[in-house]
Amino acid sequence: MILRIEDIAVDQSINLREVDLVTVSEYSEAMERGDKFPAIGVVDDGETKWLYAGFHRIQAAQEAGLEHFEAEVKDGTRRDAEALAC
């Protein structure tokens, strides 16, 4: 499913790793060249779409000026997003 990036809740407390800015920059440059990346992981609780996988990719997409990103969407809660991030 293609989601608007602005509709994805990026809660760093769900992310188990620190975001590496060098990686984000490299991904962003690759996205600007048109390189394709795997879908991010999102849990949809009916109100909020919680990012659980792809924190580097989504930040890079924002830096590259992208408005949409491919996502694998699962039904669930924020707590499910936390569990899936593990």
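Me: In this predicted model, which side chain of opposite charge is nearest to the buried Arg 57?
Reply: Arg 57 is buried and yet forms no salt bridge. A salt bridge would need a carboxyl oxygen within 4 Å of a side-chain nitrogen. The nearest side chain of opposite charge is 8.8 Å away, and belongs to Glu 72.

Me: Which residue in the turn between β3 and β4 has a positive phi?
Reply: Strand β3 (residues 40–44) pairs with β4 in the antiparallel sense, over four bridges. Asp 44 stands opposite Lys 49 in β4. The two strands form a hairpin with four residues between them, and the turn residue with a positive phi, about 95°, is Gly 46.

Me: Which residue of β4 stands opposite Ala 9?
Reply: Strand β4 (residues 49–53) also runs parallel to β2 (residues 8–9), joined to it by two bridges. In β4, the residue opposite Ala 9 is Trp 50.

Me: Which element gives the most residues to the largest nonpolar core?
Reply: This core has 22 residues, and Leu 51 and Ile 58 are among those that touch the most other members. At least two residues each come from α1, β3, β4, α2, β5 and α3. The element that gives the most, with four residues, is α2.

Conventions
Residues numbered from 1 in each chain as written. Predicted model: local features only at pLDDT ≥ 70, side-chain atom pairs only at ≥ 80, totals over all residues. Heavy atoms only, no water. Buried < 20%, exposed > 50% of the residue type's maximum accessible area, 1.4 Å probe, protein only. Lys, Arg positive; Asp, Glu negative; His and termini not counted. Pairing = 2+ DSSP bridges. Core = buried A, V, L, I, M, F, W, Y, C linked by side-chain atoms within 4.5 Å.
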